[in-house]
Amino acid sequence: MKRGRTFMAYVLPSVLAFALSGIYAIVDGFFVGNSVGDVGLSAINVVYPVVTLLQSAGTGIGMGGAVMWTVKRAEGYREEGDSYVRAAFFLLLLASIVLTVLPLLCMQPVLAFLGAEGEIGVLGEEYLRIMVLGAVFEVFATGLVPLIRNNGGASYAMVTMIFGFFTNIVLDYLCVWVWELGMAGAAWASVAGQAVTMAGALFYVYRHRLPAFGSCPGFSQKAARIVRIGVAPFGLSLSPMLSLLLMNRFSISYGGETAVASYACIAYGLTIVYLLMQGVGDGSQPLMSRHYGEGNEKELDQTRRLAYGMAWVLALLCMTALYLTRYELGRLFGSSEAVTMETGRALPIFLAGLLFYAFSRITTSGFYATEQSLFSYLCVYAEPLLLWGLLLLIPRFGGQNGVWWSMVLSQVLTALLAFGLRCLEWRGRTRRLSDI
């Protein structure tokens with residue numbers, strides 16, 4: 001009973017926070033779709049992988065620092081653990097600078113790579129340029145949350161995201177609908193929302209005296225370890241957008257603008273589900289890292305089981321809700337009738353992969369929470385690679401439907417890989433115990 005209450009105290013605020021961040025991601029699409037139309041919705045959808053890159057960089061660095069901070073404290077090395085927080089702060093600052101300068105210098109090649117051409121390219125550049133200028137807010141807003149959560153501040157992290165979320169909504173309404181600033185207005189609203197979240201997170205750091213500032217002996221080694229662990233959560237956050245990029249490019253080839261706009265609506269709906277799964281995994285990470293540092297494998301396994309159960313329940317609820325509202329999703333974003341009907345027809349295909357997705361995401365979180373970097377890399381990066389391979393093959397025979405089914409099959413295969421790696425982990429632990 002106590003274990004369940006502790007689990008929910010960490011995981012429930014994380015799930016709610018990620019649910020909000022999922023709505024955060026679709027707010028711009030909602031206001032722009034109902035103002036600019038299909039072309040505006042498609043433009044945001046095409047360039048959004050770059051925005052996700054900014055957020056994923058913060059998530060990866062923050063999570064890498066948080067895992068090492070928690071593990072070292074659990075092992076009894078408090079000062080060494082604190083130095084990982086300082087290293088993470090410096091890396092967040094460095095990432096903010098690099099991710100502002102590079103995209104601005106390479107804007108046209110980036111847009112070309114994303115397939116943003118014609119009017120979609122013009123509107124996409126208008127939106128993306130402003131989002132990149134606010135990279136420091138994106139990186140720190142997502143990077144500080146894992147540190148706050150690992151310090152027992154999961155509820156506070158949720159509240160800061162709520163304030164940022166409502167800031168975004170209010171400013172989107174004013175900038176896009178009232179002042180008619182279009183794509184630029186939506187981008188400035190998002191940047192302002194992330195700035196509010198970052199400010200709230202920095203206030204927590206100051207108020208609770210997190211060890212963010214000061215000397216950091218052995219910085220290069222600590223930074224390397226943070227990056228090594230953070231590569232997995234970075235990929236976990238970025239993977240849906242890598243898949244989005246691939247799906248957009250192949251949808252343009254096989255289904256044209258209608259297919260791209262339809263997938264934009266589907267992706268917005270699925271984004272919330274994917275983030276809920278990540279919320280369960282990241283919310284349980286502090287507990288898994290603590291039990292791993294303490295050497296308490298029984299509690300580690302119990303936490304994982306609770307995480308699997310909660311993720312599957314949430315996946316089933318979301319599958320039901322999205323299926324029942326499948327023909328309303330397009331209308332929510334002001335799509336044309338053709339896009340709305342195609343969205344409703346295709347969405348059930350994507351729902352078939354959600355239970356598999358939930359399993360692989362929780363398994364991956366368990367791997368990087370316990371410093372099993374190689375296994376976590378394999379789980380995270382297998383999915384987009386499998387998707388790419390399937391997209392090269394299946395649509396040749398199935399057309400646009402083959403594009404849709406490629407996504408589901410990539411999730412099934414990734415889940416099978418995650419299950420195999422989990423079995424290897426269990427066998428390795430059994431072998432170690434038998435040698436004692």
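User: What does buried mean here, and how much of the protein is buried?

Analyst: Buried means under 20% relative accessible area. In this predicted model, buried residues make up 60% of the 436 residues.

User: What makes C318 count as buried?

Analyst: The relative accessibility of C318 is 15%. The cut-off for buried is under 20%. C318 is therefore buried.

User: How do you know how many disulfides the structure holds?

Analyst: A disulfide needs two cysteine sulfur atoms within 2.5 Å. The structure holds 0 of them. Take C318: the closest cysteine sulfur, in C265, is 18 Å away, so a bond is ruled out. C423 is in no disulfide either. For C423, the nearest cysteine sulfur belongs to C379 and is 12 Å away.

User: What makes R209 stand out in its backbone, and where is R209?

Analyst: R209 has a phi near 55 degrees. That is a positive value in a residue other than glycine. Most residues other than glycine have a negative phi. R209 sits in the loop between α8 (182–207) and α9 (219–254).

User: Why is R209 called exposed?

Analyst: Exposed means over 50% relative accessible area. R209 reaches 74%, so R209 counts as exposed.

User: Which residues make the nonpolar surface patch, and what lets W177 belong to it?

Analyst: The patch is made by Y173, W177, V178, W179 and L181. Its area is about 510 Å². A patch residue needs over 30% relative accessible area. W177 has 35%, so W177 passes that cut-off. W177 is found in helix α7, residues 154–178.

User: Why is G398 called partly exposed, and where does G398 lie?

Analyst: G398 has a relative accessible area of 36%. The value is between 20% and 50%, so G398 is partly exposed. G398 lies in helix α16, residues 395–435. Its C-alpha atom is 13 Å from that of A346, 52 residues apart along the chain.

User: How many helices and strands are there, and how do you know how compact the protein is?

Analyst: The protein has 16 helices and 0 strands. Its radius of gyration is 21 Å, close to the 22 Å from the globule rule for 436 residues, so the protein is as compact as a globular protein of that length. The C-alpha atoms fill a box of roughly 65 × 45 × 40 Å along the principal axes.

Technical notes:
Residues are numbered from 1 along each chain as its sequence is written. This is a predicted model: local features need pLDDT of at least 70, side-chain atom pairs count only at pLDDT 80 or more; totals for chains, interfaces and linings use all residues. Side-chain values use heavy atoms; hydrogens and water are left out. Patches are made of residues with over 30% relative accessible area and no salt bridge: like charges are joined within 9 Å, nonpolar side chains (Val, Leu, Ile, Met, Phe, Trp, Tyr) within 5 Å. Accessible areas come from the Shrake-Rupley method with a 1.4 Å probe; for residues, only the protein chains shown count as cover. A salt bridge is a side-chain nitrogen of Lys or Arg within 4 Å of a carboxyl oxygen of Asp or Glu. Helices (H or I, at least four residues) and strands (E, at least two) are DSSP runs, numbered from the N terminus. Buried means under 20% relative accessible area, exposed over 50%, partly exposed in between (1.4 Å probe, protein chains only). The radius of gyration is taken over C-alpha atoms; the globule rule is 2.2 Å times the number of residues to the power 0.38.
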